[in-house]
Amino acid sequence: MERISAHQFTTLGAGVLLGTTFLPVASIVALVGGRDGWMSVLPGFALGIPYSLMILSLMKYYPRRNLLQISEEAFGRWIGKLIGIIYLLCAIYLGGLLLGQVGDIYQTSIMPLTPLWIFFLGGIILVLYLTRSGIEVFARFSEITFPLIVVAILLNVGLSIPRIEQGELLPILGEGLIPIFKGSLKVIPFVMTYMLFLAGVIAYLPTDKKAIGQLKTGAWKIVFWAGILDTLIALIQMLVFGPTETIRLVYGLLALGKMVEVSRTVSGVESLFLGVWFAAAVIKIGSLFFVAIWGLESVFGIKGVKWRHVIAIIFLGIAFKNVRAPSLINEIGLVGEYIIMPFVSLWIPVLWGVMRWKRGAGY
Amino acid sequence: MSSWMKMLKDLTVRPKGERRIRKSPSFSFDEDMNKPISGQTVKEILSKSSDIVFREFNFPGKSRIPCMLVVVDGLVDKNILDQFVLKPLMVDLNHHPDLERVTLANVIDITIQSFLPGIEIKKIVKMEEAVSTILSGDAVIFFGESSEAISIGARGWANRGVNEPIAESIVKGPHEGFTETLRINTSLLRRKIKHPSLRIISLKLGDISNTELVVVYIEKIANKDIVSEVLLRLSKIKMDSVIDVGYIEEMIEDFPYSPFPQIAYTERPDVLAGKLLEGKVGIILDGTPIVLVVPAILMEFLNVNEDYYQRAMTAILSRFVRYVGSFVAVVAPSTYIAVTTFHQEIIPTDLLMSISAGRQGVPFPALLEALTMTIVLEILQEAGLRLPKPIGQTIGIVGALIIGDAAVNAGLVSPLMVIIIGLTAVASYAIPYYDLSLAVRLLRFPLMILAGILGFFGVAVGLYAILIHLLGLRSFGVPYTSPIAPLRVRALLQDTFVRAPWWALKRRPQLIDVQEPRSKGKG
């Protein structure tokens, strides 16, 4: 069976969590949190730490098994299957929507004349290739591309510093802590989507004592890396555009990239930046594709190339159904807020509690 | 399944756990090979070849056993045979005290023990071994009706001296290279590693060519699983002939349809010694100066041994230049096509104006322009490669300067495109391994087409597809992209992008689970 190391888990987790979030995050938190919205990213992401630790602690007692298999043991076969079906549907629907977002972003920002299906096809081919190559290759892919994504984000943020407008952040906490709390609620779906992946990937993680310690440290690092980067992105957009414009620009980071100019040699680097963003999108969609594969395997006991192609076709179908930005972003938000967040935030603590109780009671 | 489908499957699907087997034709003398040893049978098998010499004589003394020395003319050192075989047996033996004891039953043992002075003398009992020994360049003596024979190491043929390899020349460091003779090559290696732990395992490949091959490794360091895997894969090769290591390479590599080389090669004893000291395994084949080294990783194909002979800082600069060169060789034409066709916004206005002025009047799109130029460059390279040196240079001058200049003057290509393609060609020469440079040349074409159709999105799809492919490759179980992914921090910091000073290179690279990870010496 394939295995991934603690370091690969960290970069993969951070890649999945950061994934496609860094483009819309500023707009989302600014909408509910106003000019203080940028401060809500890290607290929202921090919720990922207890959830990650709960999952990792289950892994210690049920090595080489994913959370769906553990759920079947905890709640019985039928409830376990029901959880698996919700898990599978969440992954397939969100994965398809994010594939749609790839097409939307490329077409609206740099290649307006290219048909959408080209972007969908490019994305799904890479995701299929990655999933066919296995979880080890997926982990290595994130090991290489995650640092590139971080560098690209930092460069984009750094090169935008000259355009900062004074006073955009003031008054800090002018409306108290409520906007920050509301903003945090808006980013929690990102964390819960990552939990879907973590629930499946634990079957591939090392389970010796030393490795579990490293994985727990990794879980902290994942949340902080992704949280700090998204905070930086939200902050710089707030500083450059101000709250109103940040809300309006759904893909504000690309707008920042458009404004970059280096020594009259390179300007408007958003097309280069999109190349790196594409890797993040592939990681995110790939992670949901893996989730769908694990879901299918656990619920229906089916696996193989044929079923991967079926999942890919469903992804494409969903992407074609939701092609344009406002409705697409809304749909992603709705799935995250009203399906994934309630499902995962309930499932994992209950499962953890039940398994703890069962162990304590000697079952 | 239709017959053409079957044929396609045969061509593309390699049977699991075994190499593709090509059946050897059977020969009329195959049955003779299983007969007991006899001079007469050997004569029947080999007498149709004019280069085989049969020297018959009688053993001195009372026994008068009829003897026959069989050699291949041109493969043996006649002086050795005259001085140390024929003279002792035919002349000096007449006064030997043991001569009277000799009978047909003990002639071979007494001859080996008392009469022949050489080192490489042994008894052989199988006909197949006798024939193979003769054809390999040794001498064999048959004694009357005896079912045994004696082989005498007397190889001596014209060979190329130990010269500097043309394809791996360096400025600082040893200048000797392997030759086509196996034993010279093993001796060159022995001179570098004078340790009893150096193992040289002999094998023979090719049912007809009977090519000798040795597997070399340092027992104390090399991973036993890798050594066993190498021997297993080699033992499964069934071919008529093995003329060059290229035959073996395709048979034993993990992913034969990948454009990327997964087995390193060298013509230099110092490089082979260095790699064996890292725990790798070498495969030396008789008849070629190229030695294969496994396992191999991608970064290895971008580093050269000279890096270890220079000062660390200079080596780091050289490596950096090579990495940049490799990257430019892969992406320069596709980036240019993507920028000029789709993403003009990333070029500042002044530069954009200058590029536009250069392209004014060029009747072709950038993709077609670049593809044509690259194909012309490939033709020039291919034409110049195998021509005699002076003509090859002329081809280069005519092709690059005259045709290039004329094409620009005629307005068929833009000057910037000539610069880009020229830069790409020069950059690809910065890749030290020819096989990797070929892979890069091959991958440039799909990248250019993707850039021409889909801009940076196409380039990104192409590059990520290549990356995923690379990440999935393994060489004898070692991930090809190691130590970057999976990350091996020490190997990455010690000897990948940078080369740490020798005093800091205390541990062997973590790429393979070597038996002795720490190298000796205080540093």
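In this predicted model, strand E4 (residues 139–143) and strand E5 (residues 149–152) of chain B are paired in the antiparallel sense over 4 bridges. B:Ala139 has B:Ile152 in E5(B) as its bridge partner. The two strands belong to an open sheet of 5 strands in chain B, with the order E1-E2-E4-E5-E3 and antiparallel pairing. Strand E1 (52–58) and strand E3 (121–124) of chain B stand at the edges with a single partner strand each, so one side of each has no neighbour in the sheet. Direction ignored, neighbouring strands of this sheet are turned by 25 degrees against each other on average.

Two helices lie across this sheet. Helix H3 (residues 78–90) of chain B lies across E1, strand E2 (66–72), E4 and E5 of chain B, and runs at about 25 degrees to E1(B). Helix H4 (residues 107–115) of chain B lies across E3, E4 and E5 of chain B, and its angle to E3(B) is about 165 degrees.

Chain B has another open sheet of 5 strands, in the order E6-E7-E9-E10-E8, with antiparallel pairing. Here strand E6 (198–205) and strand E8 (264–266) of chain B are at the edges; each has a single partner strand, so one side of each is left without a neighbour in the sheet. The twist from one strand to the next averages 25 degrees. Strands in a sheet pair through backbone hydrogen bonds, in a parallel or an antiparallel way.

E6(B) is joined to strand E7 (residues 211–218) of chain B by 8 bridges, and the two run antiparallel. Within this pairing, B:Leu203 has B:Leu213 in E7(B) as its bridge partner. B:Thr266 has B:Val291 in E10(B) as its bridge partner.

Some backbone angles in chain B deserve a look. Most residues other than glycine have a negative phi, and most peptide bonds are trans. The hairpin of E6(B) and E7(B) has 5 residues between the strands, and in it B:Gly206 takes a positive phi near 90 degrees. B:Asn210 lies in the loop between E6 and E7 of chain B. Its phi is near 50 degrees, a positive value in a residue other than glycine.

Which residues does a cis peptide bond join in chain B? One such bond runs from B:Val294 to B:Pro295, with omega near -10 degrees. B:Pro295 is placed in the loop between E10 and helix H10 (312–341) of chain B. Another cis peptide bond joins B:Ser482 and B:Pro483, where omega is about 5 degrees. B:Pro483 is found in the loop between strand E12 (478–479) and helix H16 (489–495) of chain B.

The remaining topic is the interface with chain A. On the chain B side, 27 residues are in contact with 34 residues of chain A. Between them the two chains bury about 2500 Å², and 71% of this is on carbon and sulfur atoms. In chain B, B:Phe457, B:Tyr464 and B:Ile468 lose the most area to chain A, together 29% of what that side buries.

How many salt bridges does the rule find across the interface of chain B and chain A? The count is 1 salt bridge. A:Glu136 forms a salt bridge with B:Arg474, with the closest N and O atoms 3.2 Å apart. Between chain B and chain A, 5 residue pairs are in polar contact, with both residues at pLDDT 80 or more. Helix H15 (residues 434–472) of chain B gives the most to the side of chain B that touches chain A, namely 13 residues. The residues of that side divide into 19 nonpolar, 5 polar and 3 charged.

Terms used
Residues are numbered from 1 along each chain as its sequence is written. Chains are lettered from A and ligands numbered from 1 in the order in which they are written. This is a predicted model: local features need pLDDT of at least 70, side-chain atom pairs count only at pLDDT 80 or more; totals for chains, interfaces and linings use all residues. Side-chain values use heavy atoms; hydrogens and water are left out. Contact means heavy atoms within 4.5 Å. Buried area is the accessible area (1.4 Å probe) that two parts lose on being put together, summed over both. A salt bridge is a side-chain nitrogen of Lys or Arg within 4 Å of a carboxyl oxygen of Asp or Glu. A polar contact is a pair of N or O atoms within 3.5 Å; within protein, one must be able to donate a hydrogen and the other to accept it, and residues adjacent in sequence count only if both atoms are side-chain atoms. Ala, Val, Leu, Ile, Met, Phe, Trp, Tyr, Cys and Pro count as nonpolar, Asp, Glu, Lys and Arg as charged, and the others, Gly among them, as polar. Two strands pair if DSSP finds at least two bridges between them. Axes are lines fitted to C-alpha atoms, for helices over the stretch in contact, and angles run from 0 to 180 degrees between N-to-C directions.
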